[in-house]
Amino acid sequence: MQSIAHRDAAARAFQAGDIIEAIARMRDAVRSAPQDLPLAATLGEYLWANYEFEEALRIFEICAEAQVDNSLLCAQVAQKHFSLGRFESAALWLKKAVQRNPADAALKTMLGEIHERCDRLDDAEQLAHEALSLDPENIKASRLHAHILRRRGDMTGAAKLLQDRLRRASNPEDWRLRMELAAVLDRLGEYDDAMREMILAKEQLRPLAAPHLKQATAIRARQLEVAHALKPSDFARWFTPENQPADPARIAILCGHPRSGTTLLEQILASHPQVVSTDETGVWQKEFLDPLIRQPASAAEAVSELNSFDAEQIAAGRSSYLRCTEAHLAQAINGRLLVEKDPSLTPDLPLPLRLFPESKVIFPIRDPRDICISYFFTIVPLNSISGHALDLKSTATFCAHSFEMWRHWRDALPCPKLEARYEQLVADPPGESRRLLDFLGLEWDERVLRFYEKSFSKGVRTPTYADVAQPIYKRASGRWKNYERHIESCMEILEPALREFGYA
């Protein structure tokens, strides 16, 4: 059949990395067999890979609507919306999935998790109860119920629920319950018990996290190699006036380290009417860092490629980044200041600055000991970033690496930079916010102090979404002192950063 020939040609093009040709051939396949839903779904995936999210979503939704008995397709559409931070749309499609399969506890739990993230705690709790009535051993539903209690301030009730569940038969995913219990015990002031539960959870995760930690170690090594290979003469050439773009973008890179205050800063800045922010889209990693920095055979090869960019290649890279970013934002930037928030960018700053030398850089600073405890206790999906948090020493090593890389780039890169200290921000939100806006060339706007009024509607994808849905609080400053006995073994690793940034 003609549709099969087009499909196979599309697959070959996609495998070869020619996404435009793959899309064209798959469109031919769909035109040849318009009733073939799997073909349409494959076209949707190709469009998604090319950041053509809106058309891809329409195709996925048509496929899901056409198969009225298939709840899984509705859940998959929900996941696509969720990945873009479109939580209300994700909830809508999960509701359809639940309607199609009301006896599926997993679907009800997923819908409950989105309601909780959107601050609809009553709806979330009802769904958690319904899921547990269908499947009393459902780990995610138990964790969701306890998490809702924690958010409501019922720490005793949350702890009892989790401890009762853990006393029953063990489960390979008990780590979810233990992580939640650790957070609850921390709020109850039972710090040694909180650390014990978190360590048990990490040990349970260790076999699953091992490949991610291996990848993380390789990435960190490459970052150091690139830093040593790049010379001051390279930066001098990149930043000469003749190499500045004719159409400069308004862009700020908000880097830092996970749990250093990046999400709080991003939410404050994003509340300004002249700012649009990214909230970790992954565009830099997927489209630039992986192919240009991490995949080359050596750091020398990666640096050679960075230095070889001509004006046409830089213009193409800028255009590609902005197109992909606007697709994630579902809106045009239109002359506003774009805040590219991604704490994992710190070690790789030369690449975004190679394409956007007009960028300003903000580096959040927080007591490294607080960063380590906070990150160790944060429930995050397993990947090459979270793989570092298997134990406190690897967490500290990861944190020290970010500070070391920042010290290096702070001195080497000739671009405007600002260090924003977390402790100063929570002590004086108006004063520190004004300093940030002045640095970015923005006029003062009182809305930045009411950032929490928008946080749920904005769709914060990071695990700390609930923290930035409330006014700034001070309880996280000095949190490490509650775990001083446990973090003592990491002090030698953190000592250079503590001394450099005034925490020693």
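Mentor: Buried means under 20% relative accessible area. The model here is predicted, and Asp 174 is a case to start with: at 4% relative accessibility, Asp 174 counts as buried.

Trainee: Where is the place of Asp 174, and which residues does Asp 174 touch?

Mentor: Asp 174 sits in helix α11. Not counting residues up to four places away in sequence, Asp 174 touches Ile 139, Leu 166 and Gln 204. Asp 174 and Leu 162 are 12 residues apart in sequence, and their C-alpha atoms are 9.9 Å apart in space.

Trainee: How many residues of helix α19 are buried?

Mentor: The same cut-off is applied residue by residue, under 20%. In α19 (residues 368–377), 10 of the 10 residues are buried, so the helix is largely enclosed by the rest of the structure. Those buried residues include Arg 369 and Asp 370, as well as Ile 371, Tyr 375, Phe 376 and Phe 377.

Trainee: What covers the buried residues of α19?

Mentor: The cover includes α11 (174–188) and α12 (191–229), together with α20 (392–412), α24 (484–487) and α25 (491–500).

Trainee: Which residues touch the most other members of the largest nonpolar core?

Mentor: The general idea comes before the case. In soluble globular proteins, nonpolar side chains tend to be buried together. In this model the largest nonpolar core has 121 residues, and Leu 349 and Phe 377 touch the most other members. Phe 377 is also one of the buried residues of α19. For Leu 349, leaving aside neighbours within four places in sequence, the contacts are Ile 253, Cys 255, Val 361, Trp 406, Trp 409 and Leu 413. Another core, of 22 residues, lies apart from the largest one; among its residues are Leu 254, Leu 265, Ile 362 and Tyr 422.

Trainee: At what angle do helix α1 and helix α3 pack?

Mentor: For a helix pair, read the angle, then the distance, then the residues in contact. Helix α1 (residues 2–15) and helix α3 (residues 37–49) pack at about 25°, and their axes are 12 Å apart. Angles under 35 degrees count as roughly parallel, and α1 and α3 are therefore roughly parallel to each other. The crossing of α1 past α3 is left-handed. On the α1 side the contact is made by Ser 3, Arg 7, Ala 10, Ala 11 and Phe 14, and on the α3 side by Leu 39, Tyr 46 and Ala 49. By type, the residues of this contact divide into six nonpolar, one polar and one charged.

Trainee: Where does Tyr 51 lie, and what is its phi near?

Mentor: Tyr 51 lies in the loop between α3 and α4 (53–66). Its phi is near 65°, a positive value in a residue other than glycine. Glu 280 is another case, with phi near 60°, in the loop between β2 (275–277) and α15 (283–294).

Trainee: Is Tyr 51 buried or exposed?

Mentor: Tyr 51 has 8% relative accessibility and so counts as buried. Glu 280, at 30% relative accessibility, counts as partly exposed.

Trainee: Which residues are in contact with His 328?

Mentor: Tyr 51 is one of them. Leaving aside neighbours within four places in sequence, His 328 is also in contact with Phe 53, Leu 84, Thr 281 and Val 283. His 328 itself lies in helix α17 (residues 311–329) and, at 12% relative accessibility, counts as buried.

Technical notes. Residues are numbered from 1 along each chain as its sequence is written. This is a predicted model: local features need pLDDT of at least 70, side-chain atom pairs count only at pLDDT 80 or more; totals for chains, interfaces and linings use all residues. Side-chain values use heavy atoms; hydrogens and water are left out. Axes are lines fitted to C-alpha atoms, for helices over the stretch in contact, and angles run from 0 to 180 degrees between N-to-C directions. Helices (H or I, at least four residues) and strands (E, at least two) are DSSP runs, numbered from the N terminus. Angles under 35 degrees count as roughly parallel, over 145 as roughly antiparallel, 65 to 115 as roughly perpendicular and the rest as oblique. A crossing is left-handed if the near helix is turned anticlockwise from the far one by less than a right angle, and right-handed if clockwise. Contact means heavy atoms within 4.5 Å. Ala, Val, Leu, Ile, Met, Phe, Trp, Tyr, Cys and Pro count as nonpolar, Asp, Glu, Lys and Arg as charged, and the others, Gly among them, as polar. A nonpolar core is a set of buried Ala, Val, Leu, Ile, Met, Phe, Trp, Tyr and Cys residues joined through side-chain atoms within 4.5 Å. Buried means under 20% relative accessible area, exposed over 50%, partly exposed in between (1.4 Å probe, protein chains only).
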